[in-house]
Amino acid sequence: MSSIKEARNLWQLVKDAELSGHEVVLATLVTVNGSAYRRPGAKMVMREDGRMQGTLSGGCLEGDLFLHAQRVMKTHEPCLQHYDLTEDDMWGLGIGCKGSVDVWLEPISSSDPFWTAFNECLHGEEPVIWGAELPIGRRFLFSHATECGEVPSWAAAFLASSENKRDSGFFNGFWWDIMKPPAQLIIAGAGHDAEPVARLAHQVGFSVMIMDSRPHINNDHHFPHTTHCLTPIAQIKPATLMGAYWVIMNHHQRRDEEAVALAAASHPQFIGVLGPLERTLEMLTNVGLSSQQLPLHAPVGLDVGGETPEEVAVSIVGELMACRKGTKGGTLHGRKHVHS
């Protein structure tokens with residue numbers, strides 16, 4: 001996963017390092033062969049005093065990576081570090097992943113125009129493509145609002161076609177990575193069972209909006225880290241909500257029907273409806289829609305036996321994550337590789 005939101009969170013440690021005068025290194029996973037904990041594009045930040053933000057291997061490699069990062073901090077020379085995790089004799093740790101990875105370590109200097117542009121892009125809401133000739137060659141960064149370095153002619157086309165789910169790789173001598181803004185999740189209904197859904201969805205990287213006109217429950221106290229839409233559904237323009245994921249859980253049929261109609265008019269990625277399928281089909285009939293017209297998930301959620309609000313939230317958010325990644329969301333049991 002290459003997420004602007006994840007990179008934005010890492011950058012807080014970079015800012016702290018700048019204020020405290022510590023050297024800091026960005027570690028980026030650029031190649032994965034076989035099984036590994038993260039996918040290409042994953043990032044973490046390592047600071048001179050040992051503080052770290054993010055993870056690349058779940059803890060298996062970070063200690064050794066820090067030793068290499070310390071050298072990068074001293075020399076200010078980027079490097080590419082290869083790990084073959086099939087060589088258990090070398091590691092002697094019984095590391096679970098059986099693949100090989102390459103990690104690019106690069107010093108960050110706030111006075112470097114490239115990192116200034118990088119920081120600006122992290123605080124925008126547009127996808128951005130960046131890359132380099134590894135480990136020490138030309139770098140580039142490009143979005144519709146920002147351009148830095150020697151941008152290859154193909155970068156804009158790669159960025160425009162990023163909806164094909166591929167967001168990192170090598171091309172024409174460059175490693176490249178597309179960082180995307182978080183997908184928007186709209187939860188229609190601010191009932192108490194929506195709270196764990198919103199909380200968990202935020203934790204896994206969605207930008208969450210709560211749609212409910214009742215301010216005494218649709219507020220920061222009940223739904224921190226979300227935005228709040230208090231406008232009655234009938235007054236909301238679909239064009240303001242294009243391409244979102246929806247979970248409809250008002251526990252009120254008229255409001256659910258209004259939410260389904262609004263979602264359907266906004267080119268949604270996903271419409272999940274809580275409750276029995278029969279009720280959902282009845283609502284669709286009432287608003288003049290059919291299930292074939294929509295990316296409908298009803299009843300919403302994976303079959304994990306969820307019953308309590310927290311368990312149901314795991315089920316719903318699990319299905320949202322699977323849809324976001326284009327997977328089927330089944331069990332991993334028996335799979336040779338965790339990641340497809």
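Me: Where is Pro135 found?
Reply: Pro135 is in the loop between S6 and strand S7 (139-142). Keep in mind that this is a predicted model.

Me: What kind of peptide bond joins Leu134 and Pro135?
Reply: A cis one, with omega about 0°.

Me: And what about the bond joining Ala298 and Pro299?
Reply: That peptide bond is cis too, and its omega is about -5°. Pro299 sits in the loop between strand S16 (296-297) and helix H9 (309-325).

Me: OK, new topic. Which residues touch the most other members in the largest nonpolar core?
Reply: Phe118, Trp130, Leu141 and Met179 do, out of the 26 residues in that core.

Me: Which elements each supply at least two residues of this core?
Reply: There are helix H1 (4-20), strand S1 (24-33), helix H4 (113-122), strand S6 (128-132) and S10. With seven residues, H1 gives the most.

Me: Trp176, then. Where is its place?
Reply: Trp176 belongs to strand S10 (residues 174-179).

Me: Is Trp176 buried or exposed?
Reply: Buried, because its relative accessibility is 2% and the cut-off for buried is under 20%.

Me: How many residues apart in sequence are Trp176 and Phe140?
Reply: They are 36 residues apart in sequence, and 9.0 Å apart in space from C-alpha to C-alpha.

Me: What separates the C-alpha atoms of Val14 and Val25?
Reply: The separation is 8.5 Å, with the two residues 11 apart along the chain.

Me: Now H2. How many residues has it got?
Reply: Helix H2 (residues 62-75) has 14 residues. From first C-alpha to last it reaches 20 Å, close to the 20 Å expected at 1.5 Å a residue.

Me: Which residues of H2 are buried?
Reply: Glu62, Leu65, Phe66, His68, Ala69, Val72 and Met73.

Me: What do the buried residues of H2 pack against?
Reply: They pack against S1, strand S2 (43-47), strand S3 (52-54), strand S4 (79-84) and strand S5 (100-107).

Me: What happens just after H2?
Reply: His76 takes a positive phi of about 60° there, and this is a residue other than glycine. His76 is in the loop between H2 and S4. It counts as partly exposed because its relative accessible area is 44%.

Me: And what is phi of His225 near?
Reply: Phi of His225 is near 65°, again a positive value in a residue other than glycine. His225 lies in the loop between strand S12 (207-211) and strand S13 (227-229). This histidine, His225, counts as exposed because its relative accessibility is 59%.

Me: Last topic: at what angle do the axes of H7 and H8 cross?
Reply: Roughly 65°, where helix H7 (residues 253-264) and helix H8 (residues 277-286) have axes that come within 10 Å. The crossing is right-handed.

Me: Which residues meet there?
Reply: Gln253, Asp256, Glu257 and Val260 in H7 meet Arg279, Glu282, Met283, Leu284 and Asn286 in H8. They divide into three nonpolar, two polar and four charged.

Me: Which residues in H7 are buried?
Reply: Asp256, Glu257, Ala259, Val260, Leu262 and Ala263 are. What covers them includes strand S11 (184-188), S12, strand S14 (245-248), strand S15 (270-273) and H8.

Notes
Residues are numbered from 1 along each chain as its sequence is written. This is a predicted model: local features need pLDDT of at least 70, side-chain atom pairs count only at pLDDT 80 or more; totals for chains, interfaces and linings use all residues. Side-chain values use heavy atoms; hydrogens and water are left out. Axes are lines fitted to C-alpha atoms, for helices over the stretch in contact, and angles run from 0 to 180 degrees between N-to-C directions. Helices (H or I, at least four residues) and strands (E, at least two) are DSSP runs, numbered from the N terminus. A crossing is left-handed if the near helix is turned anticlockwise from the far one by less than a right angle, and right-handed if clockwise. Contact means heavy atoms within 4.5 Å. Ala, Val, Leu, Ile, Met, Phe, Trp, Tyr, Cys and Pro count as nonpolar, Asp, Glu, Lys and Arg as charged, and the others, Gly among them, as polar. Buried means under 20% relative accessible area, exposed over 50%, partly exposed in between (1.4 Å probe, protein chains only). A nonpolar core is a set of buried Ala, Val, Leu, Ile, Met, Phe, Trp, Tyr and Cys residues joined through side-chain atoms within 4.5 Å. The expected span of a helix is 1.5 Å times one less than its number of residues.
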